[in-house]
Amino acid sequence: MDYDSKKLEEARKQTIRWEAWKREEVEARQRGLEFKMYWEKRHKEDRDAWRLKDFANAIDKMSRAGYKGKHGDFEVPSERLEELNALYMQATVGDYDGNTALKCSQFWKKHSGKTQIEAIREYIKLTNKVLTKYGWNPPEGWV
């Protein structure tokens with residue numbers, strides 16, 4: 001093998017290594033993007049799952065809102081309950097559908113346009129305020 005053919009062979013091998021490196025770099029970037037997308041999706045799903053769990057917990061506690069026991073009786077005002085029911089309807093059903101038979105229809109109209117997430121957040125926040133002010137009766141076996 002003469003000098004020129006050795007150099008051409010060496011250049012060909014270096015070109016092959018260079019092309020392989022470029023391909024591996026593109027593949028590594030793609031894997032990085034896929035991992036980032038997977039992680040963002042998983043994080044969003046976890047956040048949504050926790051939000052829905054907190055929403056279910058708030059609904060459960062609101063079913064026993066207003067403390068009645070040896071330390072006194074505290075009734076939750078009907079206006080607060082109607083507002084909570086309107087937020088519940090906005091979170092579960094969506095925008096106001098024209099049903100005037102519901103007591104909470106006026107409040108529901110006010111919340112039209114809110115997303116499900118906004119309605120859930122507001123429901124949880126209002127539930128915490130109501131429970132702090134008026135208390136709640138824990139289920140059997142809690143005390």
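Visitor: Which residues in H1 meet which residues in H4?

Guide: In this predicted model, Arg51, Leu52, Asp54, Phe55, Ala58, Ile59, Lys61 and Met62 in H1 meet Ile117, Ile120, Arg121, Tyr123, Ile124, Thr127, Val130 and Leu131 in H4, where contact means heavy atoms within 4.5 Å and helices are DSSP runs (H or I, at least four residues) numbered from the N terminus. The residues of this contact divide into eleven nonpolar, one polar and four charged.

Visitor: What about the numbering and the confidence limits?

Guide: Residues are numbered from 1 along each chain as its sequence is written. Local features need pLDDT of at least 70, side-chain atom pairs count only at pLDDT 80 or more, totals for chains, interfaces and linings use all residues, and side-chain values use heavy atoms, with hydrogens and water left out.

Visitor: At roughly what angle do the axes of H1 and H4 cross?

Guide: The axes of H1 (residues 3–62) and H4 (residues 116–134), which are lines fitted to C-alpha atoms over the stretch in contact, come within 10 Å and cross at roughly 40°. That makes H1 oblique to H4, since angles under 35 degrees count as roughly parallel, over 145 as roughly antiparallel and 65 to 115 as roughly perpendicular, with the rest oblique.

Visitor: Switching topic, which residues touch the most other members of the largest nonpolar core?

Guide: Of its 17 residues, these are Phe55, Met62, Leu84, Tyr123 and Val130; such a core joins buried (under 20% relative accessible area, 1.4 Å probe, protein chains only) Ala, Val, Leu, Ile, Met, Phe, Trp, Tyr and Cys residues through side-chain atoms within 4.5 Å.

Visitor: And which helix gives the most to this core?

Guide: H4 does, with eight residues.

How values were computed
Axes are lines fitted to C-alpha atoms, for helices over the stretch in contact, and angles run from 0 to 180 degrees between N-to-C directions. Helices (H or I, at least four residues) and strands (E, at least two) are DSSP runs, numbered from the N terminus. Ala, Val, Leu, Ile, Met, Phe, Trp, Tyr, Cys and Pro count as nonpolar, Asp, Glu, Lys and Arg as charged, and the others, Gly among them, as polar. Buried means under 20% relative accessible area, exposed over 50%, partly exposed in between (1.4 Å probe, protein chains only).
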